[in-house]
Amino acid sequence: MTTHTTDGADPRFAALPQRPGKIIAVHLSYPSRADQRGRRPSAPSYFFKPSSSVAASGATIERPAGTELLAFEGEVAIVIGEPTRRVPIERAWEHVGWVTASNDFGLYDLRANDRGSNVRSKGGDGYTPVGPALIDARAVDPEALRVRVWVNGRLAQDDTTTDLLFPLAQIVADLSQHFTLECGDVILTGTPAGSSVVVPGDVVEVEVDAPTAPGAPSSGRLVTTVVPGERGFDPALGSLPAVDDLQRAEAWGSPEAAGLPAPEEPAPVLTDALRAKLERVPVAGLSQQLRRRGLDNVTIDGVHPVHPGAKLVGTARTLRFVPNREDLFAAHGGGYNAQKRAFDTVGPGEVIVIEARGESGSGTLGDVLAIRAHARGAAGIVTDGGVRDYDAVAAVGIPVYTAGAHPAVLGRKHVPWEHDVTIGCGGTTVQPGDILVGDADGVIVLPPALAEEVADAALAQEDEDAWIAARVAEGHPVEGLFPLNAEWRARYEDERGR
């Protein structure tokens, strides 16, 4: 491990072993922040910040003249202790020398024309305060760190690294497969929910600690004061600051915090009235009506209900597994993977639909995940793979359709890859938002745009079929009655009218 030798020539880097050659920042890593932004990435993504943006504790940060949306982001900063290239995830933390506090300031006024790269919106002088003290990485558990932020003494952010979307070791391993991480390089590991706008006069304090480690080591409080800038930006040189309600909402953390009206929720396609219709109509009737409209490939084949008497109606939330490959499972199978994210975010009335390629030689869920889906109000689960803990899953009571029972865990056949994408389940394409209906006959996929029309037609057909069945029961022959010829149809229409 390289010795901590502070660069005494420049006080900005007093808290670091040396001036960092690279500062790499993670876009999204905390579930609370991802949920706030309305997206949960399946893999980490990054941007660079210049080392000239580093500042020490006690420094000031200017909000440039003519701007309004300077936002703080308290983060855990990890400092590389030795050169790191293509390190496996199991050994990645060994290459981290220290942990400390950081503040990833951003100027949202420049974000629209700088999205993704964040060169100008997050690269300004003083936009990366770090410190004030380093914590020895060998003395802490990377999944038991805490970051807290106070603005003018009020706690604004408080979260831990326990349930990160991407564990810190994964971030180090991932970056090291693309380029060499050198001693002193700094990685900013993302911010939790609570980031918001600060104005001149505000004082922001960030602290990272390990409360469960011996001695509860801490970075101390990293203090930054916001001051007004005297200079703005020259329009002859580049894009000018520009804000809109989207940037205001994201900078403040929500439309409400920004003083904006909350966006109107889109009207649900699966209304209570439509759901009631679909609960009455059999899947066979829906299949008949979809076929009349040219849709034959809409049944999820090869799955069977755990509860044959239960009816399933809901909108699709999708989850995709790919065939198991050991290196990919190591990177995507552990931690807060796509499977856990899907079950943690399913909403009331939604159905988790799992693409497992018809491979039933492994479980794709067990009783714990079934309980989680049930607790969140999910309408059901459909998987063309296996279910483990079959009896325990059945006891949960949520409607489940599966290709069969299997005792093996996920890693035997599958890697959880991504969610909320178009998938193939049981030979049928399923998109997020599609309407699923299931009964003892199986599961069918309804395109939302056709659902109301098809439900009405299927119910009308059910009435007609019931009338025909009654006539057959009276002793009439099937010929001419099923389907109705002109004479019988006239009689049917007359009785229905009366």
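The accessible surface of the protein chain comes to about 21,500 Å², and 51% of that belongs to carbon and sulfur atoms. Accessible areas come from the Shrake-Rupley method with a 1.4 Å probe; for residues, only the protein chains shown count as cover. This is a predicted model, where local features need pLDDT of at least 70, side-chain atom pairs count only at pLDDT 80 or more, and totals for chains, interfaces and linings use all residues. Residues are numbered from 1 along each chain as its sequence is written, and side-chain values use heavy atoms, with hydrogens and water left out.

**Confidence**

- The protein chain averages a pLDDT of 91; pLDDT is the predictor's confidence in each residue, from 0 to 100.
- A pLDDT of at least 70 is reached by 98% of the residues.
- Residues 1–8 stay under 50 in pLDDT. For this stretch the model has 23 contacts beyond four places in sequence. Contact means heavy atoms within 4.5 Å.

**Overall build**

- The protein chain has 11 helices and 28 strands. Helices (H or I, at least four residues) and strands (E, at least two) are DSSP runs, numbered from the N terminus.
- The C-alpha trace spans about 105 × 50 × 35 Å along its principal axes.
- Of the 498 residues in the protein chain, 50% are buried. Buried means under 20% relative accessible area, exposed over 50%, and partly exposed in between (1.4 Å probe, protein chains only).
- Among contacts in the protein chain with a separation of 6 or more, 76% link residues 24 or more positions apart.

**Helix pair α5 and α10**

- Helix α5 covers residues 283–292 and helix α10 covers residues 448–473. They pack at an angle of about 120°, with their axes 9 Å apart.
- Axes are lines fitted to C-alpha atoms, for helices over the stretch in contact, and angles run from 0 to 180 degrees between N-to-C directions.
- The crossing of α5 and α10 is right-handed. A crossing is left-handed if the near helix is turned anticlockwise from the far one by less than a right angle, and right-handed if clockwise.
- On the α5 side, the contact involves Gly285, Leu286, Gln288, Gln289, Leu290 and Arg292. On the α10 side, it involves Val454, Ala455, Ala457, Ala458 and Gln461.
- The residues of this contact divide into six nonpolar, four polar and one charged. Ala, Val, Leu, Ile, Met, Phe, Trp, Tyr, Cys and Pro count as nonpolar, Asp, Glu, Lys and Arg as charged, and the others, Gly among them, as polar.

**Helix α7**

- Helix α7 (residues 338–345) is mostly covered, with six of its eight residues buried.
- Those buried residues are Ala338, Gln339, Arg341, Ala342, Phe343 and Thr345.
- They pack against α1 (31–37), β18 (312–323), β19, α8, β20 (380–383) and β24 (414–419).

**Backbone exceptions**

- Most residues other than glycine have a negative phi, and most peptide bonds are trans.
- Gly131 and Pro132 are joined by a cis peptide bond, with omega about 0°. Pro132 sits in strand β9 (residues 128–136).
- The peptide bond from Phe482 to Pro483 is also cis, with omega near 5°. Pro483 lies in the loop between α10 and α11 (486–497).
- Asp389 is not a glycine, yet its phi is positive, near 55°. Asp389 is in the loop between β21 (386–387) and α9 (390–396). Its relative accessible area of 34% makes Asp389 partly exposed.

**Arg357**

- Arg357 has a positive phi of about 65°, although it is not a glycine.
- Arg357 is placed in the loop between β19 (350–355) and α8 (367–375).
- Arg357 counts as partly exposed because its relative accessibility is 34%.
- Not counting residues up to four places away in sequence, Arg357 touches Phe321, Val322, Pro323, Asp384, Lys413 and His414.
- Arg357 and Gly427 are 70 residues apart along the chain, with their C-alpha atoms separated by 8.2 Å.

**Arg12**

- Arg12 lies in the segment before β1 (23–26).
- Arg12 counts as partly exposed, at 28% relative accessibility.
- Leaving aside neighbours within four places in sequence, Arg12 is in contact with Arg19, Ser52, Val54, Ala55 and Ala56.
- The C-alpha atoms of Arg12 and Gly126 are separated by 8.8 Å, and the two residues are 114 residues apart along the chain.
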